Amino acid sequence: MAKSTGMTTGAVTSKKKGLFRGRRKFLIAGIIVVLALGYAIYAGFQSASMYFLTVGELKARGETAYGERLRVNGKVGPDIVWDNQSTTMKFNLIDGQGESLPVVYKGVVPDLFKPDADVVVEGVYTAGGVFESTKLLTKCPSKFTPKL
Amino acid sequence: MLTDLGYGALLLAIAVSLYAAMASFFGARTGRGELVDSARNGVWVVGGLVTVAAAALIYALVSHDFQVEYVAANTSRDMPLTYLLSAFYSGNPGSLLLWVWLLGIFGMVLAVQNRNRNHEIMPYVFAIIMAVEAFFLLLILFLANPFAKLTFVPTDGQGMNPLLENPGMFFHPPTLYLGYVGFVIPFAFAMAALITGRLGYEWIRNIRRWTLFAWIFLGLGNAFGAWWAYKVLGWGGYWGWDPVENASFMPWLVGTAFLHSIMIERRRGMLKVWNMVLIILTFELVIFGTFLTRSGILSSVHTFSESGMGPFFASFILSSLAASVGLVLYRLKALRAEDELDSLLSRESSFLFNNLILVGAAFATFWGTVFPLISEAVRGVKITVGAPFFNQVDGPIFLVLILVMGICPLIGWRRASIQNLVRNFAFSAGMGLILGMGIRTLIGGGFFAILGFSLCGFVIASILTEWYRGMRARHRTRGENYLKALGSLVWANKPRYGGYIVHLSVILIAIGVIGSSFYNTEKEANLANGESMTIKQYTLKYEGLLEYPTESKQITSATLAVYNGGEFLGRLSPQKFTHRNHPEPVSKVAIRSNWREDLYVILAGWNDDGTASFKVLVNPLVSWIWIGGVTMVVGTIIAFWPDRRERVWPEAR
């Protein structure tokens, strides 16, 4: 985009008298680039941002959260049911306040997934109070976590 | 014993680095040569001390000194030597020690390089390096002491996180840190130039190699990280826009912009303020990136206060940012451009656009990465963006960047004529279009994929035409045969042609990324013994499960026979194993790779009834990414290679 504006004006200005015009030319091209960037970021946010909640916060939102794509953070509860045929897994997501959220997850289970692991699920909160997830993130192992 | 020595060395190193920083600065300010000299000796002492500390930690790791908490937490007796060594940087304290060790070594290298030159600016360069060194030493001693001892001596250690026992993780941290720490050097020179007011070519000449060095290692660090994620994490991809990935990608983007725009300053004396801004940004992003990987502030809602490092890093980033921006403002007059850009249609302006785009990509990535924190602070809700955001925003930005990369060699410095551009442009654009249309007809693909491939074709054609022209000219004027002409052409303009090789490498990587993002296929299946599944042209027949223990692991391995149509290709064995000390299982994906595509098989699970479930992906062109990484190193080495003409530089070019 910026290039095409350059082609029409580029050859006209001569160096000396175009000192101001030359700057303005670059300014305009720069502004176009910056505006395009800004718009791309804005549009990206409109379509790809989602709430990142704890189990308790999700519960507090209740019905208003139904149907919206969300991320929820919590610990994996002790009971995990895995169905090999449909490759779905059912577990409860628990937060520090003891709130619990039933999750149905479909997909490959990450290696670090286990009871009590800190996970983030991405998906949709359905009217039945069940969270249907298609994406499960465990804490990245390349982060340095203290052990012992 | 030796660990006490290591700890003592670090304590001393703090004192000496603080002294050296101050003595160097005030010695130079007040013109007291003996202070400056003693500070330079201090650089050697600090380098020696952190080397002693590093050696002590290596010794503790290799000799299984499990009383040292770090050794007990990261290694065990059954680990091979390579991973005992990589345990040096697989934990927080050790990786910080690697930081200070590298910076200490770089300080000594600078002392050797500049023993007979740059007397005016070196004291300030050393002052800044020593100040940064002191900050990281303080962090280590107060918050992450690698030599901390347990009250008892365990008989064996916990071993390394099994996910990190991989060649990718052997190379990823050191290469990344060479890049991170390497960028401290150009930053230090920039600050020294600002302090002394010596803002001519001097500082830029001094940092060209350091910048190239830091840039290629930072890029390599990212590449090794992606390679590791692809081979180990088992989700089928190599880049997930995770905050820790973004943390090392952002300084690379801004560093790339800096690498380009210092060429404009060198040639034309322009963009001086902009260059200062870029190197300051790169430095701060490096520090921010070092912080992000050890904070966990972005991974979960509740860990913000968990890390004691937050306040340390925040105050270091804010104070160094304030000081460096203050210096730029103080020297604003002296940083005025010596020249004006002539035309929008010039190579200079293509560099300028490349800069804007790279910084824009870094900005978008930064915004997406820290937005959860900002939204929480401002609105009290955490709003996050996932990979789709980054793909959607950064994807088109990179396509424009590729376009600029193709236009750049077509237009001359200062001012290009439109006729010239159109003639040059038409051929390359035509080639790109033919490639895109060819792929569309033969293979198909969506708008962005075809656009991406067309742009890649355009860049390759435009760069190769430029090479061909130079080669032909040399063939005609000097009578060299074409091959010799090509060789001597590259050899006579190493920085330039090295740069072109790097650009071609970027295109190889782009082709790999486009291919694997737009043309990948994936399938999940639950197979009984003897059953097969088909994905694209491949048929995979499940031949059963093997379970066996090794020295440190319990392995479950599935065997799959792979057929291409009727032709038998070989067997793949995706595995899951549990490490003795780590209850969680680790997947080992099986990959069958060629230049066209990767067949990527994950063993997802198995049942008592003998069935096993698999996730299978066909990822086209992934190997082009790794090949592009290799050629990028080659191009950088060519650009880095010493040149006879550098002595009279910059007038010579």
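At the start of helix α10(B), Asp242(B) places a side-chain oxygen within 3.0 Å of the backbone nitrogen of Val244(B). After the helix comes Gly269(B), with a positive phi near 65°.

Strand β2(A), residues 69-83, runs antiparallel to strand β3(A), residues 88-94, and six bridges join them. Within this part of the chain, Trp82(A) has Met89(A) in β3(A) as its bridge partner. Strand β3(A) also pairs with strand β4(A), residues 100-106, in the antiparallel sense, here over seven bridges. Phe91(A) stands opposite Val103(A) of β4(A). Five residues lie between the strands in the hairpin of β3(A) and β4(A), where Gly98(A) takes a positive phi near 85°.

Confidence in the prediction remains to be considered. For the complex, the predictor gives an ipTM of 0.76 and a pTM of 0.91. Chain B has a mean pLDDT of 90, with 96% of its residues at 70 or more. Over residues 300-306 of chain B, however, the pLDDT is below 50, and this stretch has 15 contacts in the model beyond near neighbours in sequence. Residues 648-653 of chain B also stay under 50, with nine contacts beyond four places in sequence. Where pLDDT is low, predicted coordinates should not be read in detail.

Note on methods
Residues are numbered from 1 along each chain as its sequence is written. Chains are lettered from A and ligands numbered from 1 in the order in which they are written. This is a predicted model: local features need pLDDT of at least 70, side-chain atom pairs count only at pLDDT 80 or more; totals for chains, interfaces and linings use all residues. Side-chain values use heavy atoms; hydrogens and water are left out. pLDDT is the predictor's confidence in each residue, from 0 to 100. Contact means heavy atoms within 4.5 Å. Two strands pair if DSSP finds at least two bridges between them. Helices (H or I, at least four residues) and strands (E, at least two) are DSSP runs, numbered from the N terminus. A polar contact is a pair of N or O atoms within 3.5 Å; within protein, one must be able to donate a hydrogen and the other to accept it, and residues adjacent in sequence count only if both atoms are side-chain atoms.
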